[in-house]
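Hi,

Here is the structure I promised to pass on.

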Amino acid sequence: MLNIEVKGVEFTNKGAELMLLSIIQALDMHLHSYQLVLSPGFLLPYEKRAKLGAWQKFSFSLFGIDWTWLGNLAPAPIRKMLRHFGIVVEKDIDLVLDASGFVYSDKWGEHRLKETLDQLTRMKKKGQHYIFLPQAFGPFTGKNHDLMQQIMAKSQLIITRDQESYKHISVLAKKGEALCFPDFTPLLSVNEISLPEHLPTKYVCIIPNHKMFSKKSAADKQCYIQFLMNAVIVIEKCGLTPILLNHEGKDDYDICLTVAEKQKNELIILNELDAMKVKKVISHSLFCISSRFHGCISSLSQGVPAIATSWSHKYEELYRSYQFEDFLLEITISEAELLKKVETIINQREQQSSKLLHLSDMHKNQCKAMWVLVFDRIQT
C-alpha cells in the first residue's frame, strides 16, 4: 500500500480544502489501495484529519527550523511502533502530491522554496516521488530562480495551472519536464450536497479576500471596503439579496463584519461552512462578486457568472481561460460602472452560463487527462 502525502492543503481556506477533497476523489478512482498522509498543524486539526482517515506525518518546526528529518533517524522498530499511533515518518512516504496553490514565487520569498528543496533532497536519496499538481508559480529571480531550478531537477513532474506560470517554469525546465493543465477542483460535484436552510430565493454571493490589501496602505484597505459596499448597494438596486460568504478564515470574516456593520448589520453572513457547502451555495447564486480564486473557479465552472478582483496573475489567467476578461475589475471602479457590469450579467445570464458550462466541460476533460497522466507516472 502506498503512503501518499498531500501537501499544501488545509481546511480553513476553502480552495485548499476543495483541492484536498478533489485529490482524494482521484486517488479513490485510480488506486486500489493507498494511505493518505497529512502533516499536523492548526490549519489541519486532528479532528478533521481523522474524519478522512488520514495518517499523521512526523513533522514539526521549532524556532523557524524544520525538524521533520529527525523522524528519519528512528530505527525500523520505532517507526513500526509509531504507526500504531497513526504516525508516519518521511522516509516511509512513497509519494508527495504538492497542491500548495501559490507559494512558490518571489512574492512569498525563499523560505518555502528552501524547505521544499530540503525535503526533495532527502526523498531523492531514497527513490521517493514528488509531483507538483496544477498551481500558480513565479516569477523567480535571484536566489529563488536557483532554488526553483534545483527543485525541478529533483521532482518527477511539475504541472502549472496557467500559461503565465508555465512561462515562469518552462524557462527553468528541460523539455517535457513542465506541463500545463487547468485547476482540477471543478471535477468535484456538489449535486448531493444540501444547501444551508433559510437562504433567500434570489441571492448574490460577495466573497472577500484580505490579500487584496495585505501589506498595502490603510487607504488601499478603505478602497477595497468601499468596492464591497458598492457591490452591496448595486445588488440591492437590482432587487437581489447580497450574501457575504466567507471563503477562508478570521481575516476574511472580519471584512464581512466590517461591511455588515456599515450596512447596520442587516446583511446575511455565511461563515464556517465546509468547502462543499460553500461550493453548493455558490452554485445557486445568481452571480458572484469574488476576490477569492477558488470562489471564482467554483462560480465559473458551475455556469455562474462571476465579477472578480485580482491580486495576482492567476486571476487574469483564469478569466482568460473562461473568456470572461471583461468582468475582471479594478477595485477603483465607480458604483455607476459596477452597476452597468451587473446589469450586463443579469440581462445576458442565460447565454453567459451556457458558454461558461461549455468551457467548463472542456476544462474537466483536460483535468481527467491530467489525472491519467499523473497516475501513469506514479505507477511506473
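By a nonpolar core I mean a set of buried Ala, Val, Leu, Ile, Met, Phe, Trp, Tyr and Cys residues joined through side-chain atoms within 4.5 Å, where buried is under 20% relative accessible area, exposed is over 50% and partly exposed is in between (1.4 Å probe, protein chains only). Please keep in mind that this is a predicted model, with local features needing pLDDT of at least 70 and side-chain atom pairs counting only at pLDDT 80 or more, while totals for chains, interfaces and linings use all residues. Residues are numbered from 1 along each chain as its sequence is written, and side-chain values use heavy atoms, with hydrogens and water left out.

Cores to start with. The largest nonpolar core has 60 residues, and Leu245 and Tyr319 have the most contacts inside it. Helix 7 (residues 218-237) gives the most to this core, at 9 residues; helices (H or I, at least four residues) and strands (E, at least two) are DSSP runs numbered from the N terminus. There is also a second, separate core of 32 residues, which includes Leu20, Leu27, Leu31 and Ala99.

As for Tyr319, leaving out residues up to four places away in sequence, its contacts (heavy atoms within 4.5 Å) include Cys296, Leu300, Ile307, Phe324 and Phe327.

Eight strands form an open sheet with parallel pairing, in the order 6-3-2-1-7-8-9-10; two strands pair if DSSP finds at least two bridges between them. Strand 6 (87-88) and strand 10 (178-180) are at the edges with a single partner strand each, so one side of each has no neighbour in the sheet. Further in, strand 1 (residues 2-7) runs parallel to strand 2 (residues 34-38), joined by 4 bridges, and leucine 2 has tyrosine 34 as its bridge partner in strand 2.

Strand 11 (residues 203-207) is worth a look too. It is mostly covered, with 5 of its 5 residues buried: Tyr203, Cys205 and Ile207 point one way, Val204 and Ile206 the other. Parallel to strand 11 runs strand 12 (residues 241-245), through 4 bridges, and isoleucine 206 stands opposite leucine 244 there. The chain gets from strand 11 to strand 12 through helix 7, in a right-handed β-α-β crossover (with the strands pointing away from the viewer, the path from the first strand over the helix to the second runs clockwise). Strand 11 is also joined to strand 14 (residues 288-290), in parallel, by 3 bridges, with cysteine 288 as the bridge partner of cysteine 205.

Cheers
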